[in-house]
Amino acid sequence: MSNYFIKNLEEYFQVYRRSVRDPETFWEEIAEEHFLWRKKWDKVLSWDFTKPEIRWFENAKLNITENCLDRHLPIRKNKTAIIFEPNNPKEGAQYITYKELHERVCKMANVLVDKGVQKGDRVCIYLPMIPELAVTVLACARIGAIHSVVFAGFSSTALATRINDCDCKMVITSDGSYRGKKQIDLKGIVDIALEECPGVETVLVVKRTGTNIKMKEGRDVLLQPLLDKADSYFEVVKMDAEDPLFILYTSGSTGKPKGMVHSCGGYMVYTAYTFKNIFQYRENDVYWCTADIGWITGHSYIVYGPLANGATTVMFEGVPTYPDFGRFWHIVEKHKVNQFYTAPTAIRALAKENYEYVERYDLSSLKVLGTVGEPINEDAWHWYNNVVGNDQSPIVDTWWQTETGGIMISPIPYVTPTIPTYATLPFIGVQPALMDEEGNEIKGNQVHGRLCIKFPWPGIARTIWGNHERYRDTYFAAYENKYFTGDGALRDEVGYYRITGRVDDVIIVSGHNLGTAPIEDAINEHHAVAESAIVGFPHDIKGNALYGFVILKEERESRDSNELRKEINQQITEQIGPIAKLDKIQFVPGLPKTRSGKIMRRILRKIASNDTDNMGDISTLLNPEVVQEIMDNAL
Ligand code: PRX
């Protein structure tokens, strides 16, 4: 029991040391004492980062939903599992107990099986943040189907790519969705996507907005009538600990999105254990993570981590600015939220509004404030700490990734002293290393390098769907025997980590990972464009915004530049989604390239950031003359 809930710094160091000295025994104890297994493992861990192959709790059998639902019923059946807070506050919240959630998941599981979904099949979920999203995710897990949730802000093209990449046979969506004042035609987006997806046999449609939709005969079915008829019990399908639980796509610096595959056993243990400690969750607390379940944060820390701990988790359908800038704080007051977890972008956006929006509400229930997704700047950290937390609630700056499954570096609140902008110490069982560019580990403190992890933890993704080679090349090829994160970090004089940002061509905009390659591909599809390059530049609210350098096929004399900019952004919206739109588009005669033809993004980044005093060595460029011209016309 003692290892499960860390209460002070001394205990953290003690448990951390144990977890590193003997990881197998450590994780075995956690797994054994706090989870329900249908069959125990033969071996705790087998691993080889060169292949790479990682197996936790080998040959163990379980079902994660039994851990998230069934086992709570004897003690928590009337406890609220999910508080659903709709987009429109006038609609009123829904409180779903563990018993009701169990029933809804079972009914959904029966519907899925009736519709022919079997263990191992892939099911694409394209839903807004409504209870059916959590229910469907859990129902897939209950029957052993692999869910692939696609964020409902992605375009039809992006959706189609993800459906086809893992051959989903079913899509679950809704007629529409609400986001603030806007209503979005989700079913229409799915219809367009499915023109390119011959493998999809069935589309289940949840009614949310009540808008008129087209139903394709033989393919599309309304969900509710099926649920009404479904049996309210479904016996779990026993899963192997290493069976895939879900696929979640994340952008890479090149190529198509990577379908990260997470396992049933290790993922469960890791998300549950990190949740309990990093949010110091106590029975009867109300926990709220503002992320969307379409991202890993929502998977791990709205659904699986909280429910595995029998927690009450809030699901919010709307946006922080609707009906006004006080919405988050209104919800905190209304549901007496104790742990609040959001992204720096949201904090920055709200911090620039009138203080009155926060002051109006009673936030005294808050005990822990979390942040995730991108580096938090000092001003935002202080505003969060002072204005929202009233200097009473520790901030947990949690660093992790889609690939890591759960939080990797973070303070434990009330345990780890915090410093603004520092993710502080590795979580239990996490062994970070900083590497130099030659591949050597940089030992000691007060150093900066590329962040790697030296030893597997239970939540690590096991592969990229359908492309194990890419998994190896992306994460395990740069540094021998280490998982490479793609981030840079510094370790200060006491061993605290501060994440300094990506060292590859992934750009984080408003906390969303965007690879440059897919955006450039989208731009290049515009008939007037010959070539393009995207870089990030600092933005007050979004953290980074996108700057596009675009070469046109012909001189643009006859074209209105602003019209063309709009068309390019439209092209991006259609191919990827509005989150990838460019803030600035500069038409250029050429792009700075090395002699081998590689675009020198370092130079473009400096121009975009208006930091051109020291451009470094540009003599090796094939076309150095173009740099001055781009600089002279920079936006
Ligand atoms: O660059 C890091 C940044 O977000 C990346 C992972 O993005 P994604 O897979 O979308 O997962 C986001 C939610 C876990 C990381 O490689 N990042 C995440 N958290 C932090 C962060 N950068 C700085 N500080 C953080 N707390």
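The axes of helix H13 (residues 344-351) and helix H15 (residues 378-388) cross at roughly 75° and come within 9 Å. H13 is therefore roughly perpendicular to H15, a label given to angles of 65 to 115 degrees, with angles under 35 degrees counted as roughly parallel, over 145 as roughly antiparallel and the rest as oblique. Axes are lines fitted to C-alpha atoms, for helices over the stretch in contact, and angles run from 0 to 180 degrees between N-to-C directions. Pro344, Ile347, Arg348 and Ala351 of H13 meet Ala380, Trp383 and Tyr384 of H15, where contact means C-beta atoms, placed from the backbone, within 7 Å. These residues divide into six nonpolar, no polar and one charged. Ala, Val, Leu, Ile, Met, Phe, Trp, Tyr, Cys and Pro count as nonpolar, Asp, Glu, Lys and Arg as charged, and the others, Gly among them, as polar.

The model is predicted: local features need pLDDT of at least 70, side-chain atom pairs count only at pLDDT 80 or more, and totals for chains, interfaces and linings use all residues. Residues are numbered from 1 along each chain as its sequence is written. Helices (H or I, at least four residues) and strands (E, at least two) are DSSP runs numbered from the N terminus.

Trp27, Ile30, Ala31 and His34 of H2 make the contact with Val269, Ala272 and Tyr273 of H10. By class, the contact of H2 with H10 has six nonpolar residues, one polar and no charged.

Helix H7 (residues 156-165) has eight of its 10 residues buried, Leu159 and Arg162 among them. Buried means 20 or more other C-beta atoms within 10 Å of the residue's own, exposed 12 or fewer, and partly exposed in between, with C-beta atoms placed from the backbone. Leu159 is also one of the four residues that touch the most other members of the largest nonpolar core, which has 197 residues; the others are Tyr126, Val137 and Val171. Helix H6 (residues 131-143) gives this core its largest share, nine residues. Such a core is a set of buried Ala, Val, Leu, Ile, Met, Phe, Trp, Tyr and Cys residues joined through C-beta atoms within 7 Å. Beyond four places in sequence, Leu159 contacts Tyr126, Val150, Phe154, Ile189, Val190 and Ala193.

Around the ligand stand 21 residues, of which Pro375, Trp399, Gln401, Thr402 and Ile499 come nearest; a residue is near when its C-beta atom, placed from the backbone, lies within 6 Å. Strand E24 (483-491) is among the elements that give two or more residues to this shell, and E24 has the largest share, three residues. The shell holds eight nonpolar, nine polar and four charged residues.

Most residues other than glycine have a negative phi, and most peptide bonds are trans. The table lists exceptions in the backbone.

| Site | Value |
|---|---|
| Lys51 to Pro52, cis | omega near -20° |
| Tyr322 to Pro323, cis | omega near -5° |
| Tyr414, positive phi | about 70° |
| Gln446, positive phi | near 55° |

Tyr414 is in the loop between E20 and E21 and counts as partly exposed because it has 14 C-beta neighbours inside 10 Å. Gln446, with 10 other C-beta atoms within 10 Å, is exposed.

Notes: Contact = placed C-beta atoms within 7 Å.
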